[in-house]
Amino acid sequence: MIQINNALQPADFTTRLQQFWDLSAQKINLIDTHYDTAKGSPVFTVQGHYTTRGWTEWTQGFQFGSAILQFDATGDERFLEMGRQKTLTVMAPHISHIGVHDHGFNNVSTYGNLLRLIREGKTEFNEWEKNFYELALKISGAVQASRWTTMKTGGFIHSFNGPHSLFVDTIRSCRAVVLSHSLGHVFQGEGDVVINLLDRALQHMKATADYSVFYGEGRDTYDLWGRTAHESVFNTKDGNFRCPNSQQGYTGFSTWTRGLAWAMCGFAEQLEYLDTFEKTDLEPFGGWTVVEAYLLKAARATCDFYIEHTPTNGIPYWDTGAPGLANMGDYLAKPADPHNDFEPVDSSAAAIGAQGLLRLGKYMSERGDVENGLRYWQAGLTVLDSLFSEPYLSTDPDHQGLILHSIYHRPNGWDYVPEGSKIPYGESSMWGDYHAREVALYLQRVVNNETYYTFFGALS
C-alpha cells in the first residue's frame with residue numbers, strides 16, 4: 001500500500017522540476033539526433049537507445065508531443081519548432097487512421113497541444129494555423145468514433161483487435177471524440193444520418209466503467225473494488241458481454257497496472273471536461289447526476305485500487321497478479337524494487353496514474369469532499385516524489401529515455417533483459433516519458449499558479 005506523504009507540497013518539487021526539464025531536453029535532442037526514422041516510430045529503449053516494435057504506430061504523437069510540452073514548460077522555441085514541423089510533415093496519416101483506437105494518444109498530444117498553446121496565448125495567433133489544428137482534431141475524433149460496436153447496453157469504440165474488443169486504454173482516446181464534438185464538428189453516417197459525438201463518447205465511458213472496472217459486487221470470484229481488465233470481450237452477433245481478457249497483462253482476472261492507470265487518468269480528466277458543461281446539456285444522456293455518478297465511481301475505485309495494491313513508494317509492479325510476486329514476501333509493505341529476481345515494476349503506470357490521482361483529488365476537494373480529495377492529491381504527489389528521483393529519473397547523459405524501469409509487453413517478452421538479470425529493468429518507453437512530461441507540466445503550472453492544464457484547454 002502506498003505510504004502517503006501528507007507533508008508534501010507542490011512547491012517542494014520546484015528544484016526537481018527544473019532538473020526534470022533539463023534532462024528532458026537532453027533526451028529529446030538525443031532522439032532527434034540519433035534515431036533512425038526509417039525504422040518507424042520509437043517505442044521503447046534497448047540498452048538505453050530507442051527502438052521500434054509493436055502492432056501499430058501508436059507512439060509517434062508522444063514523440064512530437066514531448067517536444068511541444070518541453071516548449072510549454074521552458075519557453076525554448078527550438079522545441080516548439082520541432083514539434084510543429086514534425087506534426088505538419090508526419091502526423092497526417094494518424095488523423096485518418098481507421099484501424100486504431102489511439103487517436104487521443106497521437107493527435108491530441110500533437111494537434112491538441114498546439115491548438116491549446118494558441119488558445120492560451122503562449123504562441124503567436126495565426127488564424128490559418130488555428131483552423132488547421134481544429135480541422136485535424138475534428139476529423140480525428142470522427143474517425144475514432146467510427147470504430148463503433150453496438151451492444152445490448154449501448155456501444156463502445158473497439159480496439160484494433162476487432163469489433164468484439166473493448167480496451168480500457170481507449171478511455172483516454174475519448175479526448176479526441178469530445179474535442180471534435182466541442183469544436184462543433186458534424187459527424188455523419190449512411191444516408192447523412194447525424195451521429196452525436198458526445199453521445200458516442202459517453203456510451204464508451206459508460207461501457208468502460210461497467211465492463212473494464214470491477215466494484216466488488218460479485219461479477220466473478222476475483223471481483224475487487226477498482227480492479228480493471230485490459231480487454232472486455234463481446235459477442236458481436238447478439239451484443240452480449242462474454243468475458244474479461246488481457247493482451248498485455250498476466251490474465252483477464254488480474255490487473256495490468258498500466259491499464260489501471262489509463263482508467264485512473266481517463267475518468268478523472270473526463271469529469272473535469274464534463275464539469276465545464278451546463279448541467280442541462282447532459283439531460284439527453286441521462287442527466288449530469290447519472291453521468292457524474294458512474295464516472296466518479298470508476299475514478300475513485302481505480303484510484304483506490306492503485307493506492308491499496310501498489311508498494312509504499314507509489315511505483316507498481318507490472319501486474320498485480322504476476323506469478324513471481326508470490327516469491328517476494330510482503331512486497332506491498334516496502335518500496336518497489338526494480339532490480340528484484342521475480343517481476344518487473346512499471347514506472348510508466350506510475351507516470352500515468354499520478355495524473356489521475358492529482359486530477360481526482362482536485363475535483364473532489366473543489367466539490368466539498370476535502371478529506372478524500374486530499375488523500376488522492378497527496379497520493380499523487382507521493383508517486384511523483386519517487387518518479388522524479390533516482391532510480392526512476394534517468395540522469396545518464398547517454399540514455400535516451402527519461403523515466404527508467406518501464407515495461408512494454410511482458411507476456412510477449414518484448415522488453416530487454418540485461419545480462420545476468422532474470423527480469424527486464426532499466427529501460428524507458430515513449431508513453432512513459434511523455435506522460436511524465438505531461439504530469440510535470442501539470443504540477444509546474446500548479447506551483448507557478450498558471451493556467452490549469454487540461455486537454456480541453458484547446459477549446460478556449
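Predicted model: local features only at pLDDT ≥ 70, side-chain atom pairs only at ≥ 80, totals over all residues.

Biologist: In what order do the three strands of the open sheet stand?
Modeller: Helices (H or I, at least four residues) and strands (E, at least two) are DSSP runs numbered from the N terminus, and two strands pair if DSSP finds at least two bridges between them. Pairing in this open sheet is antiparallel, and the order of its three strands is β5-β8-β9.

Biologist: Why is one side of β5 and of β9 left without a neighbour in the sheet?
Modeller: Strands β5 (165–167) and β9 (240–245) stand at the edges of the sheet. One side of each is without a neighbour because each has a single partner strand.

Biologist: By what angle are neighbouring strands of this sheet turned against each other on average?
Modeller: Axes are lines fitted to C-alpha atoms, for helices over the stretch in contact, and angles run from 0 to 180 degrees between N-to-C directions. For neighbouring strands of this sheet the direction is ignored, and the average turn is 25 degrees.

Biologist: Which residue in β8 is the bridge partner of Phe-167?
Modeller: Strand β8 (residues 231–235) pairs with β5 over three bridges, in the antiparallel sense. Within β8, Ser-232 stands opposite Leu-166. The bridge partner of Phe-167 is Glu-231.

Biologist: Which residue in β9 is the bridge partner of Val-233?
Modeller: β8 and β9 run antiparallel and are joined by five bridges. They form a hairpin with four residues between them, and Gly-239 in the turn has a positive phi of about 80 degrees. Ser-232 has Pro-244 as its bridge partner in β9, and the partner of Val-233 is Cys-243.

Biologist: How many residues of β8 are buried?
Modeller: Buried means under 20% relative accessible area, exposed over 50%, and partly exposed in between, with a 1.4 Å probe and protein chains only. Strand β8 is mostly covered, and the buried residues are four of its five.

Biologist: Which helix lies across β5, β8 and β9?
Modeller: The helix concerned spans residues 197–212 and runs at about 90 degrees to β5.

Biologist: How are α8 and α9 oriented to each other?
Modeller: The axes of helix α8 (residues 174–182) and α9 come within 8 Å and cross at roughly 155 degrees. Angles under 35 degrees count as roughly parallel, over 145 as roughly antiparallel, 65 to 115 as roughly perpendicular and the rest as oblique. The two helices α8 and α9 are therefore roughly antiparallel.

Biologist: Which residues in α9 are met by residues of α8?
Modeller: Contact means heavy atoms within 4.5 Å. From α8, Cys-174, Val-177, Val-178, Ser-180 and His-181 take part, and they meet, in α9, Leu-197, Leu-198, Ala-201, His-204 and Met-205.

Biologist: How are α11 and α12 oriented to each other?
Modeller: Helix α11 (residues 288–308) and helix α12 (residues 347–366) have axes that come within 10 Å and cross at roughly 130 degrees. Their orientation is therefore oblique.

Biologist: Is Ala-379 buried or exposed?
Modeller: Ala-379 has its place in helix α13 (residues 370–387). Because its relative accessibility is 0%, Ala-379 counts as buried.

Biologist: Which residues does Ala-379 touch, not counting those up to four places away in sequence?
Modeller: The C-alpha atoms of Ala-379 and Leu-357 are separated by 6.7 Å, although these residues are 22 residues apart along the chain. With residues up to four places away in sequence not counted, Ala-379 touches Ile-4, Ile-307 and Leu-357.

Biologist: How are α1 and α3 oriented to each other?
Modeller: Helix α1 (residues 14–34) and helix α3 (residues 77–90) pack at an angle of about 45 degrees, and their axes are 12 Å apart. The helices α1 and α3 are therefore oblique.

Note on methods. Residues numbered from 1 in each chain as written. Heavy atoms only, no water.
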